[in-house]
Amino acid sequence: TEIDALLDGIDEGATRTAGIVSSLKTFSRLDEEDFKDTNIEEGIDSTLAILNSKISGQIELVKEYAGLPLVYCNSGKMNQVFMNLLSNAIFAINENRSQGHIDHGLLTVRTRESKSSYMIEIEDNGIGMSDEVQQKIFEPFFTTKEVGEGTGLGLSIVYTILQEHQAKMTVVSEEKKGSRFKLSLPKDLESM
């Protein structure tokens, strides 16, 4: 009985390890530096898998995927965008919880399609931002985090990558209520 339990534990650990390695491989796309047709929702999922330990049991995750077709983009760089935005959302939620403004963390990821673009929304019920902070978030080295917690480069990198993709991003945020980042990738990028 003990050997069976041990083997079950080893099998579960190996399966989880294989899942993490697969997510890291999908996330990093080290062999892909060019623009190509990419499954954006798979990229978001691989990023969420990497961040799972920061989400699991602490934050409710809601995924509202539209089943997007393949999107023409640089998948590795778009995964960087997702990592920075999702990491910031998790940080903001935990900050809002630690300050006692919310009891329950909520992170929602949505994908949508319009006539001219593919949209990705990342919404949280985190600490939010003042209008003044929102004006500075894309500036290199600007951060609201404590020394040693952030470099202030995450959203600056996001902004640069989105420019390379001729994409747009809008931000709606309210202090102590949360933030919503909406990315819009043009469908006709391939011909631009």
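**Notebook: hairpin, salt bridges and a buried threonine**

I began with the hairpin that β6 and β7 form; 3 residues stand between the two strands, and Lys176 in the turn has a positive phi of about 65°. The model is a predicted one, in which local features need pLDDT of at least 70 and side-chain atom pairs count only at pLDDT 80 or more, while totals for chains, interfaces and linings use all residues. Residues are numbered from 1 along each chain as its sequence is written, and side-chain values use heavy atoms, with hydrogens and water left out.

**Entry 1: the overall plan**

I counted 6 helices and 7 strands in the protein. Helices (H or I, at least four residues) and strands (E, at least two) are DSSP runs, numbered from the N terminus. From that end I read the order as α-β-α-α-β-β-α-β-β-α-α-β-β. Of the 192 residues, 39% count as buried; buried means under 20% relative accessible area, exposed over 50%, and partly exposed in between (1.4 Å probe, protein chains only). I noted an accessible surface of about 11200 Å², 50% of which belongs to carbon and sulfur atoms. Accessible areas come from the Shrake-Rupley method with a 1.4 Å probe, and for residues only the protein chains shown count as cover. I then looked up contacts, meaning heavy atoms within 4.5 Å. Among contacts with a separation of 6 or more, 70% join residues 24 or more positions apart.

**Entry 2: strand pairing**

Two strands pair if DSSP finds at least two bridges between them. I found that strand β6 (residues 168-174) and β7 run antiparallel and are joined by 7 bridges. Within this pair, Glu174 has Gly178 of β7 as its bridge partner. β5 and β7 also run antiparallel, with 8 bridges between them. Here Glu121 is partnered by Lys182 in β7.

**Entry 3: salt bridges**

Side chains of opposite charge can pair when their charged atoms come close. I used the rule that a salt bridge is a side-chain nitrogen of Lys or Arg within 4 Å of a carboxyl oxygen of Asp or Glu. By this rule the count is 8.

Arg110 lies in strand β4 (residues 105-113) and Glu121 in strand β5 (residues 117-124), so the pair ties together parts that are 11 residues apart in sequence. Both Arg110 and Glu121 are buried.

I next looked up Lys187, which forms a salt bridge with Glu113; their closest N and O atoms are 2.7 Å apart. Because Lys187 lies in the segment after β7 (178-186) and Glu113 in strand β4, this pair ties together parts that are 74 residues apart in sequence. Lys187 counts as partly exposed at 30% relative accessibility, and Glu113 as partly exposed at 43%.

Glu121 has a salt bridge with Arg180 too, with the closest N and O atoms 3.9 Å apart. This pair links distant parts of the chain, as Glu121 is in strand β5 and Arg180 in strand β7, 59 residues apart. The relative accessible area is 15% for Glu121, which is buried, and 31% for Arg180, which is partly exposed. Salt bridges that share partners join Glu64, Arg110, Arg112, Glu121, Glu123 and Arg180 into one network.

I also listed contacts of Glu121 beyond its neighbours within four places in sequence: Thr108, Val109, Arg110, Arg180, Phe181 and Lys182.

Is Thr111 buried or exposed? Thr111, which lies in strand β4, counts as buried at 0% relative accessibility. Beyond neighbours within four places in sequence, its contacts include Glu41, Ile44, Tyr65, Leu68 and Met119. The side chains of Thr111 and Glu41 make a polar contact at 2.6 Å. A polar contact is a pair of N or O atoms within 3.5 Å; within protein, one must be able to donate a hydrogen and the other to accept it, and residues adjacent in sequence count only if both atoms are side-chain atoms.

I followed Glu41 into helix α2 (residues 40-50), where the buried residues include Glu41, Ile44 and Leu48. At the start of α2, a side-chain oxygen of Asn39 comes to within 3.1 Å of the backbone nitrogen of Glu41.
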